[in-house]
Amino acid sequence: MQAALLTLFDPSLGYHSKWAFLLFLLVPLAAAGIFWLQRRRTGSFVFGNTHALRAVPGGFWGKLHWLPGVLRVLALVALVVAIARPQKPNRKVIQSEGVDVVVALDMSASMNAVDKSAAEIRAVQADERNPQNRFEVATQMLTEFIGNRATAGDRVGLVIFGEGAYLKYPLTTDYRRAIKDIQDLTLDDGQRDPEAPEMCHNECTINGGATAIGDALRRSFLRLRDSDGKDKSIILITDGAEKGSKMAAKYVAEYMRDWAKEKDPKTGQLRKPIRVYTFQIGGGDDVFVPEASMRTGGLVRDRSGLMVYKAVPPGAFATDPKLLQEIATLTGGKASTGYNEQL
């Protein structure tokens, strides 16, 4: 009890709702009511003569008749303190010199494609599972990348793009939440309801009818422009050529290059460059996509519940490695291709 009181009056302890201490003014009134009710509830018997009863010594428990009332009053005091929400700040200072990274993740419908031959797909499905599509490969790489940031103290943000681009979450060191948000993303399966062709058939996170690389770069740049990280980078993960951007990706990269050559008005020093590292997913000769039913519009599955795939005509899912290389070169980053590259 003494330790609890010392903790309660610890000068380093703060209270979120100090107004709650006004409730202490009601505690004496409540205490009076508690003891009054307790006396009213005391059992009694009618005796003609009580002299003999007074001579009987009282037992141990009889002497503690006041204890229930005291405990009720202390409970009220504890309740007031709880309402005040005592808080003790953590004085531990975590120093980190991590970098700020925004990942721009392609969620266009072409990310459903599987870059394997028909024989390789059959071999995977022999184990009663579907092969990973481009999006699953990209998110696996991304979650591993974010998990490795914890030791470095880096801040990571995520921009997703398809027909448009928007910020999924800002720069953060909450890696667990960031990975959870990535795992909750739903890729546009390319199927549409005839009665609502503008809506995804599978309630996708973002419409995947285009590949707005330029818009994603611009939004990523805006998130990093004013950050104070010792280094700033954008990781662009995409499988397709630019399509549907309101602002061309090359123009955004050129603007970023020129922006870094100017002095920061706050410090008078040259701005820290924001480098773009591009990762091309897919682009091989063997490309398959899940087959859609002409009757229902849904995806076709075999008797085991596995996807049925069909080959994509050459050039149907065009990539633009030249653009990705230009973006990386203009910003001082690096362009990478292939699934085996590391983020």
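Tutor: Happy to! Two strands count as paired if DSSP finds at least two bridges between them, and strands (E, at least two residues) and helices (H or I, at least four) are DSSP runs numbered from the N terminus. This is a predicted model, in which local features need pLDDT of at least 70, side-chain atom pairs count only at pLDDT 80 or more, and totals for chains, interfaces and linings use all residues. Residues are numbered from 1 along each chain as its sequence is written, and side-chain values use heavy atoms, with hydrogens and water left out.

Let's look at strand 3, residues 100–106. On one side, strand 3 runs parallel to strand 4 (residues 155–161) over seven bridges, and D100 stands opposite R155 there. Strand 3 also pairs in the parallel sense with strand 8 (residues 232–238), over six bridges, where A104 faces L236.

Now for burial, meaning under 20% relative accessible area with a 1.4 Å probe, protein chains only. Seven of the seven residues of strand 3 are buried, so the strand is largely enclosed by the rest of the structure. In a regular strand, side chains alternate between the two faces of the sheet. Here both faces are covered: D100, V102, A104 and D106 are buried on one side, and V101, V103 and L105 on the other.

Key: Buried means under 20% relative accessible area, exposed over 50%, partly exposed in between (1.4 Å probe, protein chains only).
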